[in-house]
Amino acid sequence: MPTQHLTCSAEELMHVVDSVHAMPFPSQEERAADRWGGPGYHVVVLVKSQDFWEDRSPETVEEAEESIAADFAGLAVLLTERWGAPEAVDLASYLGLDFPDPDFEAPEPMGFLSNLAGSMQVWRPPASDRWVALAIGQADPEWPLQLLAAFGEGSALPG
């Protein structure tokens, strides 16, 4: 799986999506390189930019954003051709800010994703009890931008 950003072909990214989509969900939390999961979900980093510790110039950041966005768009076209139009899911509600319960904990992978991205595009493959999502996220301004694919049980996502 790609780790440093070199624009990948949409077909290469689709191959990774197909591979992870076919994997069984682990019975407990596990991590392997740029893929991790737990009961009912997987998350994989498909592509990531360089980090921005040394160079956070607008040109460098813009180039990375455009490149990751191009990878997202190319893969989204293939997913849409296969499974139809995606739905946008706002991840802000999974941060727990709207809940008076201080012990609120979002289910995974939404808890993780909501700390990196504001939204995700979700496809629901027919004849599957899973959903597949794409998001572009960044943990902190100095950290790499990431194109993430998430996979979850249908029941874990309202709709």
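**Strands, rings and burial in a predicted model**

Mentor: Four bridges link β4 to β5 (residues 119-123), and the two strands run antiparallel. Keep in mind that this is a predicted model.

Trainee: What makes β4 and β5 a pair?

Mentor: Pairing takes at least two bridges between two strands. β4 and β5 have four bridges, so they pair. Within that pairing, E87 stands opposite V122 of β5.

Trainee: Which helix packs on the sheet and touches β5?

Mentor: Helix α2 (residues 58-83) does, and it also touches β3, β6 and β7. Its direction makes about 165 degrees with that of β6.

Trainee: In what order do the strands of the open sheet run?

Mentor: The order is β1-β2-β3-β7-β6-β5-β4, seven strands with antiparallel pairing.

Trainee: Why are β1 and β4 called edge strands?

Mentor: β1 (30-32) and β4 (87-90) each pair on one side only. Across the sheet, neighbouring strands are turned by 20 degrees against each other on average, direction ignored.

Trainee: How many aromatic pairs does a search of the whole structure find?

Mentor: The search finds one.

Trainee: Why is the pair of W36 and F112 called edge-to-face?

Mentor: Two values settle it. The ring centres are 5.0 Å apart, and the limit is 6.5 Å, so the rings pair. The planes stand at 80 degrees, over the cut-off of 60, so the pair is edge-to-face.

Trainee: What does the pair of W36 and F112 tie together?

Mentor: W36 lies in strand β2 and F112 in helix α3 (residues 110-114), so the pair ties together parts that are 76 residues apart in sequence.

Trainee: How do you know whether W36 is buried or exposed?

Mentor: Its relative accessibility is 10%. Buried means under 20%, so W36 counts as buried.

Trainee: And why is F112 called partly exposed?

Mentor: F112 has 28% relative accessibility. That value falls between 20% and 50%, so F112 counts as partly exposed.

Trainee: How do you know that R130 sits over the ring of F25?

Mentor: The charged end of R130 is 3.8 Å from the ring centre, within the 6 Å limit. R56 likewise lies over the face of F52, at 5.5 Å from the ring centre.

Trainee: Why does Q28 count as exposed?

Mentor: Q28 has 56% relative accessibility, over the 50% cut-off, so it counts as exposed. Q28 is found in the loop between α1 and β1.

Trainee: Which residues does Q28 touch, not counting those up to four places away in sequence?

Mentor: Q28 touches G37, G38 and P39.

Terms used: Residues are numbered from 1 along each chain as its sequence is written. This is a predicted model: local features need pLDDT of at least 70, side-chain atom pairs count only at pLDDT 80 or more; totals for chains, interfaces and linings use all residues. Side-chain values use heavy atoms; hydrogens and water are left out. Axes are lines fitted to C-alpha atoms, for helices over the stretch in contact, and angles run from 0 to 180 degrees between N-to-C directions. Contact means heavy atoms within 4.5 Å. Rings of Phe, Tyr and Trp (its six-membered ring) pair if their centres lie within 6.5 Å; planes under 30 degrees apart count as stacked, over 60 as edge-to-face and the rest as tilted. Buried means under 20% relative accessible area, exposed over 50%, partly exposed in between (1.4 Å probe, protein chains only). A charge sits over a ring if NZ of Lys or CZ of Arg is within 6 Å of the ring centre and within 35 degrees of the ring normal.
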